[in-house]
Amino acid sequence: MHAFTALTGLVAPLDRANVDTDAIIPKQFLKSIKRTGFGPYLFDEWRYLDRGEPDMACSGRPVNPDFVLNQPHYQGAKILLARENFGCGSSREHAPWALVDYGFRVIIAPSFADIFYNNCFKNGLLPIVLDSVVVAALFQEIVPGYRLTVALAEQTITTPGGLEIPFAVDEARKHRLLHGLDDIALTLQYAEKIKAYELARAKRAPWLFVNGQL
Amino acid sequence: MPGKTLYDKLWDDHVISQEADGTALIYIDRHLVHEVTSPQAFDGLRLAGRKPWRPLRNLAVADHNVPTLSRSQGIADPVSRLQVETLSKNCAEFGITEFAMNDPRQGIVHVIGPEQGATLPGMTVVCGDSHTSTHGASGALAFGIGTSEVEHVLATQCLVQKKAKNMRVNIEGQMTPGVCAKDIILAIISTIGTAGGNGFTLEFTGSAIRALSMEGRMTVCNMAIEAGARAGLIAVDETTIEYYRGRPFSPKGGDWLMAARSWRDLHSDADAVFDKTIELDASCIKPQVTWGTSPEWVVAVDGVIPDPALETDPVKRQSMVRALVYMGLQPGQAITSIALDKVFIGSCTNSRIEDLRAAAAVVKGKKIAGNIKQALVVPGSGLVKRQAEAEGLDGVFVAAGFEWREPGCSMCLAMNADRLEAGERCASTSNRNFEGRQGYGGRTHLVGPAMAAAAAIAGHFMDVRELV
């Protein structure tokens with residue numbers, strides 16, 4: 001798992017609520033059996049004027065000049081600012097893979113869909129929930145070149161004006177993200193407990209175990 | 001101490017270890033695997049030199065990419081073919097049971113799980129697919145996960161989770177003839193919104209829920225995720241137990257008696273405390289039709305397209321304006337005036353035998369309207385297809401001008417060849433009406449199966465209550 005500690009980065013404002021994972025990465029790109037290479041197709045239907053297909057070269061495609069990520073002053077953005085319920089819909093982890101592959105490391109929104117929120121932490125992408133009033137103020141404040149500093153250990157966002165905005169994050173998730181820990185290796189430390197649970201459960205609910213086999 | 005909710009009981013029964021902050025390691029009884037969200041997880045196992053913890057706890061099937069026309073030639077699209085072949089190779093390598101594409105038991109993962117008795121009451125069920133919430137209809141704790149968690153479950157048979165809050169959605173009263181489970185869940189989503197269930201597990205209760213068949217209950221739980229909740233639940237009753245009797249993976253003999261006795265405790269205690277409760281009156285629910293690009297944008301069939309100018313929240317107003325442009329609709333337009341190009345009956349929401357019966361009852365002896373370019377019926381599994389054919393439903397659909405297809409996810413998300421073209425408008429029994437979901441530029445209206453069938457015959461939406 002990739003670690004996230006702190007960064008100062010350009011902010012791109014995506015002024016939409018309920019951005020779904022179909023919009024973040026459309027279904028045709030999910031046919032890939034790899035974890036990488038999704039960045040060029042991030043927000044494909046909003047970003048380009050033609051229909052994207054897997055493995056298509058994107059350099060010559062007609063871009064939608066109105067879409068925020070196509071505007072010159074948001075090139076290289078690392079922080080995405082969005083509205084309510086970001087990442088709703090499908091559980092596809094291809095959505096955080098595409099966001100990270102494009103270059104985003106932080107997403108700030110008033111709320112996230114649960115599965116997407118969870119998937120972000122597995123990929124070194126930090127989703128930050130802020131009050132909708134604070135998010136609205138950030139949307140107001142953004143000008144070309146607007147940067148924020150995000151520090152996970154301190155759980156703060158610092159604006160160019162020096163304002164420090166605290167944010168909440170679950171302790172266990174924070175710890176794993178700060179250190180880039182391998183979740184599976186951590187769980188396998190509980191191997192004996194898992195086996196003991198299975199034996200107890202096989203006694204309680206023997207019908208769950210085909211021919212007594214775990 | 002207050003009683004426990006059904007969710008509390010299921011959760012407590014699966015906790016292996018819990019930290020002080022509530023982060024818990026929970027055991028997963030059944031892991032369902034499909035071709036789209038698993039290849040990277042199997043790769044991860046290989047890279048780390050790991051093996052599945054309990055291969056028998058997994059069941060795999062390809063559903064998203066499979067063609068719904070004849071399969072004798074295999075899959076034409078090389079990218080889709082590679083993904084389906086990769087699933088078979090991975091299952092062979094890691095010793096996981098797979099229903100291959102030409103196996104009669106193949107179908108949509110959320111249809112075959114209950115159909116086979118592979119997902120049972122009291123289980124924890126996960127799958128790299130958000131519609132895993134479907135299996136909650138049988139009193140199982142079932143939710144969708146991402147690919148990293150697919151790998152985690154393969155390697156450990158566990159997940160690291162924090163418990164969600166409890167929300168009760170209570171629906172009392174009797175439904176009007178013509179109104180179905182799909183209308184109940186769409187009405188719930190319109191009430192609480194697509195983010196209303198974030199952070200909650202929903203339990204659907206009340207006389208209207210108890211009156212539903214297992215198929216109807218699955219439709220309701222299937223779309224819990226569209227209300228923002230990872231999991232939806234329905235208590236076990238005799239309907240549940242009868243459904244599971246004699247299924248291939250169901251317990252047999254003495255095990256069956258023991259299991260059924262244990263399952264009867266899978267309900268919330270009378271004195272259980274919920275963090276939130278929502279009440280709906282089933283008798284007030286009419287057939288529902290979505291008009292926008294989010295499942296919460298839904299009105300009754302006798303309603304009109306809402307006017308964004310009346311919306312006070314500026315972010316919502318802007319989204320509504322954008323949705324109406326995308327959908328090619330005008331405020332004030334009657335739902336029944338909306339003409340359609342295609343009709344899709346299928347998906348993990350509405351492709352079970354009862355759904356096909358409801359649609360066939362409307363279609364019988366009639367023809368689809370001249371403006372309908374294509375009307376598809378895609379059964380949820382090979383066994384649903386066989387059952388429907390045994391009842392003669394395929395003949396009813398084909399005589400009316402529908403195409404009768406092989407099972408799979410099909411036009412719900414258009415990963416295979418079944419899709420909408422830009423600007424085409426579809427009455428669909430699926431679960432998501434997002435921009436581009438059914439094809440680039442396609443326009444989706446979510447409805448129940450009888451409503452979709454009636455729209456195919458009329459060429460535009462009509463109130464199915466007029467036909468019953």
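Student: Does Cys221(B) count as buried or exposed, and at what relative accessibility?

Tutor: Cys221(B) counts as buried because its relative accessibility is 0%, where buried means under 20% relative accessible area, exposed over 50% and partly exposed in between, with a 1.4 Å probe and protein chains only. This is a predicted model, in which local features need pLDDT of at least 70 and side-chain atom pairs count only at pLDDT 80 or more, while totals for chains, interfaces and linings use all residues. Residues are numbered from 1 along each chain as its sequence is written, chains are lettered from A and ligands numbered from 1 in the order written, and side-chain values use heavy atoms, leaving out hydrogens and water.

Cys221(B) accordingly is in no disulfide, and the nearest cysteine sulfur, that of Cys348(B), is 12 Å away. In chain A, Cys58(A) also counts as buried, because its relative accessibility is 15%.

As for the chain that holds Cys58(A), 57% of the 214 residues of chain A count as buried. Its C-alpha atoms fill a box of roughly 65 × 45 × 25 Å along the principal axes. Among the contacts in chain A (heavy atoms within 4.5 Å) with a separation of 6 or more, 63% come from residues 24 or more positions apart.

Technical notes:
Disulfide = S-S within 2.5 Å.
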